[in-house]
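Open the model in your viewer and keep the sequence panel beside it. We will begin with the whole chain and then select a few residues one by one.

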Amino acid sequence: SFLPMLSLGSIFIMYVINVLYSVLYSTLPGKWIDYVVYLCMFLCTFPMAAVLRRWARTKAAIHHRMVHFRVEECSCSCGEDRPLVYGNIALLMRAIQAVGNKATDEDARDAFNELVRQCLPSALIASVGRFGI
């Protein structure tokens, strides 16, 4: 998950900065220690920004895939199972009365695609939080 990676990364960065501060405290004059530590903190913001940017792009890509979801484009580990999956989708859509009992399996898949497009993006935001952490 992203949150443990972010938390542990932040703790590690602060640990390295504190170790650096302790080592430099004994070797450099007092005024320079603060400058070096601030420089290290500044330089550590770039990797952290890269991690946060990557997560934001990943989250945007997931949202884009869900908004344009089509069950026909999904991969199936066993190709022979695809008719069974489509049949179960049609059965589910008829059971929740998203389509009529006389609707074709294709109509049921279209209704399923629309249901996923409407419900899944908000479910993702609810599960990972608005900011994704």
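## A tour of the chain

Keep in mind that this is a predicted model. Start with everything shown, and look at contacts between residues at least 6 apart in sequence: 53% of them join residues at least 24 apart.

**Stop 1: the whole chain.** Switch to a cartoon view. How many helices and how many strands does the chain have? The secondary structure comes to four helices and zero strands, and reading along the sequence gives the pattern α-α-α-α. Now turn the model around. Along the principal axes, the C-alpha atoms fill a box of roughly 85 × 30 × 20 Å. The radius of gyration is 25 Å, while a compact globule of 133 residues would have one near 14 Å.

**Stop 2: the surface.** Turn on a surface view. The chain exposes about 9,800 Å², and carbon and sulfur atoms supply 66% of that area. Buried residues make up 20% of the 133 residues. If you colour by charge, look for 13 positive and 10 negative side chains; the centres of the two sets lie 12 Å apart.

**Stop 3: two rings in helix H2.** Next, look for aromatic pairs, of which the count comes to two. For the first stop among them, select Phe42 and Phe46: their ring centres are 5.2 Å apart and their planes stand at 85°, so this pair is edge-to-face. Both residues belong to helix H2 (residues 30-67), and because they are four residues apart there, about one helical turn separates them.

**Stop 4: a pair that links two parts.** Now select Phe69 and Phe112. This aromatic pair is also edge-to-face, with 6.2 Å from centre to centre and 70° between the planes. Phe69 sits in the loop between H2 and H3, whereas Phe112 sits in helix H4, so the pair ties together parts that are 43 residues apart in sequence. Phe69 is buried, at 17% relative accessibility. Phe112 is buried as well, with a relative accessible area of 17%.

**Stop 5: Arg109.** Stay in helix H4 (residues 105-128) and select Arg109. Is this residue buried or exposed? Arg109 counts as buried, because its relative accessibility is 14% and the cut-off for buried is under 20%. Which residues touch Arg109, leaving aside its neighbours within four places in sequence? Show the side chains of Val71, Glu72, Tyr86 and Ile89, which are in contact with Arg109.

**Stop 6: Gln97.** Move to the loop between helix H3 (82-95) and H4, where you will find Gln97. Most residues other than glycine have a negative phi. Gln97 is not a glycine, yet its phi is positive, at about 60°. Gln97 is exposed, with a relative accessible area of 71%.

**Stop 7: His64 and Gln118.** Finish by selecting His64, which is found in helix H2. At 49% relative accessibility, His64 counts as partly exposed. His64 and Gln118 are 54 residues apart along the chain, and their C-alpha atoms are separated by 12 Å.

Conventions
Residues numbered from 1 in each chain as written. Predicted model: local features only at pLDDT ≥ 70, side-chain atom pairs only at ≥ 80, totals over all residues. Heavy atoms only, no water. Rg over C-alpha atoms; globule rule 2.2 N^0.38 Å. Buried < 20%, exposed > 50% of the residue type's maximum accessible area, 1.4 Å probe, protein only. Contact = heavy atoms within 4.5 Å. Areas by Shrake-Rupley, 256 points an atom, 1.4 Å probe, with all protein chains shown as cover. Lys, Arg positive; Asp, Glu negative; His and termini not counted. Charge placed at Lys NZ, Arg CZ, Asp CG, Glu CD. Phe/Tyr/Trp six-rings, centres within 6.5 Å; stacked < 30°, edge-to-face > 60°.
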